[in-house]
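Reader: Could you take me through one part of this model up close? I'd like to hear how it sits among its neighbours.

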Amino acid sequence: MHTQRLTLSQALVRHLAALRIELDDGQIVPYVRGVFAIFGHGNVSGLGDALWAARDVLPTWRAHNEQGMANAAAAYAKARFRQQIMAVTTSIGPGATNLVTSAALAHVNRLPMLLLPGDVFASRRPDPVLQQLESFDQGDISVNDCLRPVTRYFDRIQRSEQILAALPHAIHVLTDPAACGPVCLALPQDVQTEAFDCPQDFLHPAPLRLRRPAPDPEVLHGALKRLRHAKRPLIIAGGGVLYSQAWAALADLASAYGIPVAETQAGKGSLAWDDPMNLGAIGVTGSPAANSLVADADLIIAVGTRLQDFTTGSNSLFAHVPLLGLNVQPLDAAKRKAFSVVADARSALERIAAGLTGWRPDGAWTQRAREAAARWNAGVDALTAAQPPVGVLPYDAEVIGAVQASLAESAEHDIVVCAAGTLPAELHKLWRTRTPGGYHMEYGYSTMGYEIAGGLGVKIAHPEREVIVMVGDGSYLMLNSEIATSVQMGRKLIIVVLDNQGYGCIHRLQQASGGPRFNNLLADCIADGGAPANIDLAAHAASLGAQACRVADVPALRRAMAAARAASLTQVIVINTTPERTTDEGGCWWDVPIPEVTERTAVAAARARYVQNKQKQGD
């Protein structure tokens with residue numbers, strides 16, 4: 001066996017640089033697009049040196065915040081439909097623990113991401129080193145153990161040759177359609193620099209190919225039997241439709257048999273917005289078209305969805321409707337007592353379409369779906385074309401309308417990015433895309449601060465497309481430093497900041513729960529001896545290197561969007577919005593517990609409504 005004397009870091013980096021994946025169309029492309037790195041004493045001399053040597057074949061990018069760069073890596077994987085990934089490396093201590101939120105985000109969203117944090121010395125000779133956590137009862141623990149519950153696979157490499165087994169195992173998890181999620185290889189800083197005799201074949205791995213497991217024939221027969229008995233079926237399209245690239249199979253099935261489709265946050269874009277069978281968003285943030293029909297369905301086909309509470313209305317929206325769960329992950333396929341089909345979404349949808357020849361649902365059901373979809377699309381036109389009276393702050397729908405109108409002919413290719421606050425609800429209902437992946441929402445973990453870093457990851461994945469980040473002032477203030485990264489990388493973003501002066505979404509939830517105005521809007525948070533916040537978000541963005549402005553109203557936003565599209569540098573546009581108003585149309589109940597005992601009459605009234613709504617929930 002031919003070998004080469006290499007350090008752990010060199011072997012690891014050279015394997016990643018050589019790794020390729022074969023796409024469905026036969027293209028063979030790099031699997032690891034690059035490495036985001038913030039160096040410290042735990043990774044600069046070992047992994048840093050190896051990355052420098054491989055910089056021409058495996059690019060390394062410096063970010064400004066570890067959580068930000070890991071968010072960007074997760075967004076990249078999502079934008080590439082899990083077919084390519086990024087790696088992330090940090091030093092030990094706070095650099096490593098800053099990865100925890102992003103790892104949880106990737107875990108919840110089933111997104112592949114390779115985490116390579118530095119770790120304390122395996123030899124323990126210099127212990128305790130700078131930033132080392134000392135446990136009084138576990139000698140082998142480090143802060144990287146925080147990553148165990150939020151990763152799909154965790155390993156600490158104690159000897160350099162262990163990489164020969166650990167890295168292929170990690171790659172297997174990253175590429176497995178059911179187990180897919182973040183993996184962590186913790187790298188003690190001394191082991192990173194230690195050499196071993198590395199087999200040459202480790203440095204020349206075979207190309208990867210993603211599996212497409214087909215449904216079991218007997219299970220498929222059972223699914224077809226249930227569909228053939230259905231008169232009012234409805235498909236819920238989740239993120240798995242996009243990850244499987246099953247959008248054509250979904251469109252063919254819906255069109256051929258007249259089955260209406262509703263989309264989750266992760267699944268939005270699975271079907272073109274103007275497809276006559278697309279009812280739009282479902283659930284708590286759903287459209288009236290989707291929510292009214294799903295409650296009357298006699299069979300729901302849940303494709304590639306986790307059936308999160310925002311999709312199911314906390315299990316109240318269609319609690320007593322039979323489910324057919326189609327998912328590559330058995331746990332998700334079997335949720336809500338579904339008849340489960342464990343398979344790749346595209347593989348299963350194609351077989352279902354072929355097996356339904358001669359069957360049609362009730363014609364009145366299909367017609368009702370078409371009419372409901374058309375009415376809702378007309379409603380979206382009205383909501384997004386409206387403008388507030390002079391002197392009245394706009395709300396999100398009016399801002400979305402102005403941004404959407406700026407897309408013009410390029411709307412087929414542009415990508416909107418968001419994650420948390422009020423905007424996910426408004427965008428889920430109102431944003432329009434015909435392109436799979438044109439709607440990029442991180443709503444599995446709903447991570448405040450994801451938006452700008454996520455936009456950067458999307459732009460790296462699709463540099464040829466305009467990436468529009470829509471973000472509230474609360475999320476902007478939590479994590480904005482990757483604006484500077486986008487500038488230094490030459491990856492232009494258009495960032496639209498809706499400034500409602502606080503956490504407007506939770507402010508309204510607080511009010512709906514009968515609570516007082518407390519600790520959400522900036523005006524309600526002035527401490528004794530304090531002063532009102534006077535935050536100039538446009539000036540702040542400009543200080544990070546972006547071109548930035550604050551606009552006075554929706555017409556000015558339209559003009560600013562036109563200028564932003566023509567620019568080559570990252571653009572930030574700030575507009576004041578109201579924290580009080582949202583789109584009334586659509587939506588459904590969401591389970592937010594209300595206190596049983598209270599001194600506030602408003603809370604008591606909210607509790608009574610809560611108890612009544614709880615009765616709609618299934619088991």
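**A close look at strand β15**

Author: Let's start with the pairing: strand β14 (residues 299-303) runs parallel to β15, and the two are joined over four bridges. Strands here are DSSP runs of E with at least two residues, numbered from the N terminus, and two of them count as paired if DSSP finds at least two bridges between them. Before going on, note that this is a predicted model, where local features need pLDDT of at least 70 and side-chain atom pairs count only at pLDDT 80 or more, while totals for chains, interfaces and linings use all residues. Residues are numbered from 1 along each chain as its sequence is written, and side-chain values use heavy atoms, with hydrogens and water left out.

Back to the strand. β15 also pairs with strand β16 (residues 339-342), again in the parallel sense and over four bridges. Leu324 is a handy place to look: Ile301 stands opposite Leu324 in β15, and in β16 the bridge partner of Leu324 is Phe339.

Now for the faces. In a regular strand, side chains alternate between the two faces of the sheet. Both faces of β15 are covered: Leu323, Gly325 and Asn327 are buried on one side, and Leu324 and Leu326 are buried on the other. Buried means under 20% relative accessible area, using a 1.4 Å probe and protein chains only. Five of the five residues of β15 (residues 323-327) are buried, so the strand is largely enclosed by the rest of the structure.

Methods:
Buried < 20%, exposed > 50% of the residue type's maximum accessible area, 1.4 Å probe, protein only.
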